[in-house]
Amino acid sequence: NERALSVLVHTYYALGRAAALAEVAHRLVALQPLSAPAARAMALAWDLAGQADSAARYLALADTGLAWNVTISQFTPGEHVTSLNGYVRNASARALPAMTLVFEFLDASGAVSFAERVAIPALEPGARGPIEIRSEQAGAVAWRYRRE
């Protein structure tokens, strides 16, 4: 999960393990592409690799470029039903247009079992839009999302 990956990011950074940090940061970005913490993890990976320009770019993205803040509060894989709940918050000072997120649910081998689309309404600054998925599909052990 993303918390475990975040702990690994900081551990590898403290240990100076650039290759391991880059791998984990990429996994975190794949899991949470609209997340400021994921962008900061990439900044740490580039910093440790000695690529100051790339590190600065990801820090700037984390600080000002990620207006959509996606939070998943519950993921329940079941034998007959899979559910996922959370919200998207507008973290910017300007209104954001509506968008669609595509959630891909992965099986134990990492392959996509099924996907669900969630329409996110236009959001005023600080406002939240719900993410609620309930699928009759089973077998998912993980999820990832992307903006469509």
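The legends below describe several views of a predicted model of one protein chain.

**View 1. Overall fold of the chain.** The chain contains 4 helices and 6 strands. Their order along the sequence is α-α-α-α-β-β-β-β-β-β. The radius of gyration is 16 Å, close to the 15 Å given by the globule rule for 148 residues, so the chain is as compact as a globular protein of that length. Along the principal axes, the C-alpha atoms occupy a box of roughly 45 × 40 × 20 Å.

**View 2. Burial and contacts within the chain.** Of the 148 residues, 38% count as buried. Among the contacts with a separation of 6 or more, 59% involve residues 24 or more positions apart.

View 3. Strand β5 spans residues 128-135. Gly129, Ile131, Ile133 and Ser135 form its covered face, whereas Arg128, Pro130, Glu132 and Arg134 form the uncovered one. In a regular strand, side chains alternate between the two faces of the sheet.

**View 4. Pairing of strands β2 and β5.** Strand β2, residues 82-90, runs antiparallel to β5, and 8 bridges join the two. Thr82 has Ser135 of β5 as its bridge partner; Ser135 also belongs to the covered face of β5.

How values were computed: Residues are numbered from 1 along each chain as its sequence is written. This is a predicted model: local features need pLDDT of at least 70, side-chain atom pairs count only at pLDDT 80 or more; totals for chains, interfaces and linings use all residues. Side-chain values use heavy atoms; hydrogens and water are left out. The radius of gyration is taken over C-alpha atoms; the globule rule is 2.2 Å times the number of residues to the power 0.38. Buried means under 20% relative accessible area, exposed over 50%, partly exposed in between (1.4 Å probe, protein chains only). Contact means heavy atoms within 4.5 Å. Two strands pair if DSSP finds at least two bridges between them.
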